[in-house]
Each structure stands twice: as structure tokens, then as C-alpha cells.
Amino acid sequence: MGEHAWGMRDEAKAWHGMGSKSQKGIKRNWPLVATSPPPAQDMIWDDIWSDLALWDVDFGGSYYFNTKLLLLSSPPPLASTDPTQPSKENINCLKLIPSPCSAIWLLLLDLHFAGAMGMAATESQFHVLAVDDSLIDRKLIERLLKTSSYQVTTVDSGSKALEFLGLREDDEHHHINPDTPCVSPNNHQEVEVNLIITDYCMPGMTGYDLLKKIKESSSLKNIPVVIMSSENVPSRISRCLEEGAEEFFLKPVRLADVNKLKPHMMKTKSRDEKLEKQENQINPEDKLDNQDSRSELHKQQHQDHQQQQQQQHQANSNKRKTMEENLNSPDRTRPRYSGLTTVV
Amino acid sequence: MDVGQMRRQWVEYTKSLFMEGFLDSQFEQLQQLQDESNPDFVVEVVSLFFEDSERLLNDLTRALDQPSVDFKLVDSYVHQLKGSSSSIGASRVKNACIAFRNFCEEQNVEGCRRCLQQVKQENLLVKNKLETLFRMEQQIVAAGGSIPNMEQIGF
């Protein structure tokens, strides 16, 4: 957990898109939470810490914050003489930024993040391993996933995928390029893969074969697998789902499909982190969700956003200190990748 | 010609490519995936496609010239071409591939050869169309303009 930008506003909807995808299509990976209605002030102090807050001063109460703060004010800049109203003088804030927030202010926020906190320590990202023998499709899936802020590794075959995962491919029924160096599983201990998305139809090991290998492996079986295929063959689809695939996407894969991935990763992540009980927390934004009648894509983004929030609610209910410890602790890498020699 | 006019022309031309079925909504997906961090994404992927299709069309020509045609091999080439054409939204190439695969299944050499000609023709057509489109984009950018967003213009 690195930086946290808390967006608090009476109209939470207005924040959608700012954290992940903002004006001009520039990608931003700020973790951002919008709440509606805002949490109680004592809760803010006790349970939430932040390096940065985005706050609409019109909604009031922002001067309770004493953190590095960015204020979003509407109408633009405050020169309030009323001492009960927040202003540059009576709160400890970095900048007052006008609302609606223009691209130039977003750049300023970027600079703030990059400079003050170091971009390297970004929010723990989901890492997706994409497997496809077609270069065009690898490009496409890579771009689709990166647009959704995932970290992506692409490989062109099932055996390379297993190699990357540190699973030695000893099965002789499958064609393996003898030139491919056999990578020691130890080299991959630090690699965390949160999801595998694979093409079905590939020469040598098919996506189905790969799925089976993964589900048979004690160390890899918890990684969600999604199969993609250009052919809509019902028996194929049900075979994959029965074998444990989470989803079956028809190719070409689209943004709307990629948006379905996050819940599968969240499931595994939270299971790993033993946070199941918090999954059922009521999200204050649920109401807003139902009101949203915009396009399917927008809804999907909204859901993603929610997932992100949920994750943050979980993460932030721990104290800052704990999080910092986690950040530096090697325990963040899932233990399942150690001792890979015992598998197959 | 001013930038506004160039942009309008680009919009009209793009619309015509969709209307005439050269492109489908998958091409719009590619356009959506292009942004400041990847300003040449569409051109890159489309170029990859044409490299790929040229290779496959050569392979197909060779395979169908054999005295005894290996239909399984032909079908695997057509399958690849169908996949990559649908990935970039070249729908007329994709449709020609679908018909092609039916003749493969029937093991109909004549049908396959006719289809190969058709796929070649569609491939060339969409290649020319996209080259024209990309040239228009270069001119807009060179004149200091930006490429219109198809979503914004309600297409």
C-alpha cells in the first residue's frame, strides 16, 4: 500500500473515472475512494489515514482533516473570511484546486504522487499472465489488460506459461521445444500471478491442457483461469468450465469482457489474505449503482471502481503501521510459490 | 484544406468503411485502446495483421497448388486468418474466411481456390482503405489537429 487519495464528496458519482481513467484518456492509477454519504468524522480519524485527500469543500467538514490535503472547491478558489469555513489559512493543505477539476490539476496531482511518495510504490497491482500463440491477439489482450491497470506478462504457448509459473513441464505427450531452457522453479518464487487468461486453440498444448495442468497442481490450482476462443462450441465451453475455468470469452475479447476479470482476482486475493468476513461489508455506494443507467461499459467501470473501494476498505481498516510493515515484508508474495519442486 | 475540414473528411471516410462492411465494431475497440501512452496502437496492430495475412495467403496459395491438397493444413491457415481478421475488425476478410472454411470441410478444391481469390481481394481492398485512413490521420496530426473520437461523434 503506497499512496491513498481519498475523494470525499457528496456526489460520489462525479469522481468516477478520475482515479483510474481521467480526461484525455490518460491513465492514472491512484487509488481513489469516493463515499456517499461521507463517513462519520470520528471514523475518518480512527480508521482512515491518507496522504492525500480530494475534498469538495462545499460539502463541508473538510477542515477536520489535518493531513496533506488537496481541496477541490466549487465554485473556484476560496478566499473565505469566515473562520469556520475551510481556507488555505485554517487547514493544513497543500493546494486548493478548483472544480470541475481540469487536466492541468490532474497533472499536478500526478506530480505530487510521483514526487512526494515515489511512483514505484504503487498500489499492489493484479498481475495477469496472458497466453496466446497469435502475436496480434497477444498485443490486443496486453493492451486491454493494461488499460484496466493490470500488470501483464504475455507468453506464446502453454508450456512457456507453465515455465513462467515455475511448473516444470515433464509430461512427454506435449510438444516442447528442446531449445527452451528449463527454468528452475526457484527463479520464479517472487512472481505472483493473480489470473491466467489463455487462448483455447494453440498448437501443442491447448488452453484446455494448460487449464488442466494448473488445476492439477497443488501450488497453482488457486489461480483463476479464463479461456478465450474464437469458436462458440458449447461442449468446449462446458468442458472448460467443468475443469475449473472461471470464464469463457469469445474472441475477439473486448473491454467489457476484461471488466469481468476483477471479481475473480478479488476472490482469490481476499481468500489469501484471510479477509473473507469483510467481503460482506455493506458498501455505501450500492445505492448509487442501481441508479446508474448509463452504458454497459460505464456500469462495468463502476463495478470495478467498487471492487477497488472494497479492497481499500479492507486494506485501510488496518492501521497505517501494519500496512507499512506489510509493504516491506516479503510475506506479500504468496507462499504458494515456494516449494514448487513438489508439484506435478 | 483546414484541419476542421480534414477531420470532417476523416469522419465521413471512417463511417463509409463501417457502412460498407470493411470494418466492424472490433475496429472501434482498437481505436478505444489507443491513447497518449500508445499513440500508434491501431497502426501497429493493423500492420501486424497485414504482415500476418500476407504470409498466410502465400502459404495458402502454395498449399492449394499441391497435387493433393492437405485440407487440414489449409483449414488451419484459414482459421488463423479468420482469427486475426476478426481481432482487427476486418469483417469482409473474416466473412470470406468463414466461407472458405466450409469448402475446406467439404474438401472442395475448386471452392477453396475461389475463396482464396476472394480473401486475397478483400484483404487488398481493406489494406488500401486503411492506408488511406491512416494517411488522413497523419495529415490531420501534421496540421496540428487531433483525430476525432468516434465515440464522441456518436457513431
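What share of the 344 residues in chain A do buried residues make up? The figure is 51%. This is a predicted model. Two chains, A and B, meet in it, and the contact takes 21 residues from chain A and 23 residues from chain B. The points below start with chain A, move to two of its residues, then cross the interface to chain B.

**Chain A as a whole**
- Chain A contains twelve helices and ten strands.
- Take the contacts in chain A between residues at least 6 apart in sequence: 67% of them join residues at least 24 apart.

**A:Asp199, an annotated residue**
- UniProt, in an unreviewed entry, puts the feature "modified residue: 4-aspartylphosphate" at A:Asp199.
- A:Asp199 sits in strand S8 of chain A, which covers residues 195-199.
- Is A:Asp199 buried or exposed? A:Asp199 counts as buried because its relative accessibility is 5%, and the cut-off for buried is under 20%.
- Setting aside residues up to four places away in sequence, A:Asp199 touches A:Val131, A:Asp132, A:Asp133, A:Gly207, A:Met228, A:Ser229 and A:Lys251.

**A:Lys221, a loop residue**
- A:Lys221 lies in a loop of chain A, between helix H5 (207-216) and strand S9 (225-229).
- With a relative accessible area of 42%, A:Lys221 is partly exposed. That class runs between the 20% limit for buried and the 50% limit for exposed.
- Neighbours within four places in sequence aside, A:Lys221 is in contact with A:Ile214 and A:Lys215.
- A:Lys221 and A:Gly244 are 23 residues apart in sequence, and their C-alpha atoms are 9.1 Å apart in space.

- On the chain A side, A:Ile136, A:Arg143 and A:Arg254 lose the most area to chain B. Together these three account for 36% of what that side buries.
- How many salt bridges cross the interface of chain A and chain B? There are three salt bridges.
- A:Arg143 forms a salt bridge with B:Asp35, and the closest N and O atoms of that pair are 3.3 Å apart.
- Seven residue pairs are in polar contact between chain A and chain B, counting pairs with both residues at pLDDT 80 or more.
- Helix H3 of chain A (residues 135-147) gives the most to the side that touches chain B, with eight residues.
- That side of chain A divides into ten nonpolar, three polar and eight charged residues.

- B:His79 lies in helix H4 of chain B, which spans residues 71-88.
- B:His79 counts as buried because its relative accessibility is 15%, and buried means under 20%.
- Which residues are in contact with B:His79, leaving aside its neighbours within four places in sequence? They are A:Cys201, A:Ser230 and A:Glu231 in chain A, and B:Arg101 in chain B.

**B:Ser53, inside chain B**
- B:Ser53 has its place in helix H3 of chain B, residues 41-65.
- At 0% relative accessibility, B:Ser53 is buried.
- A polar atom of the B:Ser53 side chain lies 3.2 Å from the backbone oxygen of B:Phe50.
- Not counting residues up to four places away in sequence, B:Ser53 touches B:Leu81 and B:Asn123.

Technical notes
Residues numbered from 1 in each chain as written. Chains lettered and ligands numbered in written order. Predicted model: local features only at pLDDT ≥ 70, side-chain atom pairs only at ≥ 80, totals over all residues. Heavy atoms only, no water. Helix = DSSP H or I, 4+ residues; strand = E, 2+ residues; numbered from the N terminus. Buried < 20%, exposed > 50% of the residue type's maximum accessible area, 1.4 Å probe, protein only. Contact = heavy atoms within 4.5 Å. Buried area = accessible area lost by both parts, 1.4 Å probe. Salt bridge = Lys/Arg side-chain N within 4 Å of Asp/Glu carboxyl O. Polar contact = N/O pair within 3.5 Å; in protein donor to acceptor, adjacent residues only side chain to side chain. Nonpolar A, V, L, I, M, F, W, Y, C, P; charged D, E, K, R; others polar. UniProt positions renumbered as here; feature names shortened; annotations may be inferred.
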